[in-house]
Amino acid sequence: MLETERHRIILSAVQERPVVTVADLCALTGASEATVRRDIAQLHVSKKLRRVRGGAEAIAPPQFVGINARPFAVNQTINIAQKRAIAQAAVDLCEDGDPIIINGGTTTFQMVHPLTTKRLQVFTNSFPIAEHLLKQSKNTVLVPAGAIYREQNIILSPFDEDGSNHFYARRMFMGCRGLGPLGLMEGDPLLVQAEQKLIDQADELVVLADSSKFRQRSSLLLCPLNRIHTVITDDGIEDRAAQMLEAAEIRLIVAEKGTNDRRNRAQEE
């Protein structure tokens, strides 16, 4: 990753949280601890952020503290080829007329491009997914009531009645913060509350998780493994992760990047 791109990601991250640790920034950028510390020092000197012990903070933090999740703009830059292949495999499960739920996220957002050829009933709490499908497809689009969290481009409501309980879905497609033996993990209570409501409205839960998600953990459990019907990931999945899913009787779909790239080129031609 180029230095300018790392700096953009770091500055976006410090605007989202009160303090971002060096370890967090290493995970976001894929850079070494030494490189991240050097980046923080450069941005501190140029007065774009403030260096603190073990990390960095914004010079002028936002007054409104959002949910504990990476900004949408940051996540879009991570594992993009894997996300496109995973999203294509997810859309391949859909048939015209299906009612589906798509939870907000950068992996699920990649579903919008192949969905332009479909005619589905789509309920989504993602503002960019809803906007793209309205403009570029013939799908029916429904959204819940709530506030738009700008950094994550997601619509969330603290109230039980947001309209989601009136929608039935054959499948719900969602990403995650992490996936382990205890189940699906998220990082913010408001996200857990909203996503659990959506999960209850679907027959099948399909998780879109690139292989890095099997190594990540969070303090909040969204649902156990036995609630998950299908996991779609990339060919970087480790054997022990695949064995974990097999033991839980979860269908595993491995999306290969090369196959998806060839399909995209064929569609363009």
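**Cavity lining, strand pairing and selected residues**

Helix H9 contributes the largest share of the lining of the largest cavity, namely three residues; helices (H or I, at least four residues) and strands (E, at least two) are DSSP runs, numbered from the N terminus. The model is a predicted one, in which local features need pLDDT of at least 70 and side-chain atom pairs count only at pLDDT 80 or more, while totals for chains, interfaces and linings use all residues. Residues are numbered from 1 along each chain as its sequence is written, and side-chain values use heavy atoms, with hydrogens and water left out.

Rolling a probe the size of a water molecule over the atoms shows where empty space is left. A cavity is here a set of points, on a 1 Å grid over the protein atoms alone, where a 1.4 Å probe fits but cannot get out, and its lining residues have an atom within 4 Å of a point. Grid points are joined across faces, edges and corners, and a volume is the space filled by probe spheres set on the points. By this rule one cavity of 30 Å³ or more is counted, and the largest cavity has a volume of about 80 Å³. Its lining includes Phe-123, Asn-125, Pro-144, Asp-162, Ala-194, Lys-197 and Leu-198, and at least two lining residues are supplied by each of strand S8 (154-156) and H9.

Helix H9 (residues 189-199) also lies across strands S11 and S13, running at about 10° to S13, where axes are lines fitted to C-alpha atoms, for helices over the stretch in contact, and angles run from 0 to 180 degrees between N-to-C directions. Strands S10, S11 and S13 form, in that order, an open sheet of three strands with antiparallel pairing. Strand S10 (178-180) and S13 are the edge strands, each pairing on one side only, and neighbouring strands of this sheet are turned by 40° against each other on average, direction ignored. Two strands are said to pair if DSSP finds at least two bridges between them; S10 and strand S11 (residues 183-186) are joined by three bridges, and Gly-178 stands opposite Met-185 in S11.

Parallel pairing is found at strand S9 (residues 169-174), which has three bridges to strand S4 (residues 99-102) and five bridges to strand S12 (residues 202-208). Ile-102 stands opposite Phe-173 in S9, whereas Met-172 stands opposite Leu-205 in S12. Strand S9 is mostly covered, since five of its six residues are buried, a term that means under 20% relative accessible area, with exposed meaning over 50% and partly exposed in between (1.4 Å probe, protein chains only).

Thr-124, in strand S5 (residues 121-124), counts as buried because its relative accessibility is 0%. A polar atom of the Thr-124 side chain lies 2.8 Å from the backbone oxygen of Ile-102, and the side chain of Thr-124 also reaches the backbone nitrogen of Ser-126 at 3.0 Å. Beyond its neighbours within four places in sequence, Thr-124 is in contact (heavy atoms within 4.5 Å) with residues including Ile-102, Val-141 and Pro-144.

Leu-225, in the loop between strand S13 (220-223) and strand S14 (230-234), is likewise buried, with a relative accessible area of 9%. The C-alpha atoms of Leu-225 and Leu-182 are separated by 6.6 Å, although the two residues are 43 residues apart along the chain. By contrast, Thr-4 in helix H1 (residues 3-16) is exposed, with a relative accessible area of 61%.

Methods. Polar contact = N/O pair within 3.5 Å; in protein donor to acceptor, adjacent residues only side chain to side chain. 1 Å grid on protein atoms, 1.4 Å probe; cavity = no way out; pocket = protein on both sides within 12 Å on 5 of 7 lines; lining within 4 Å.
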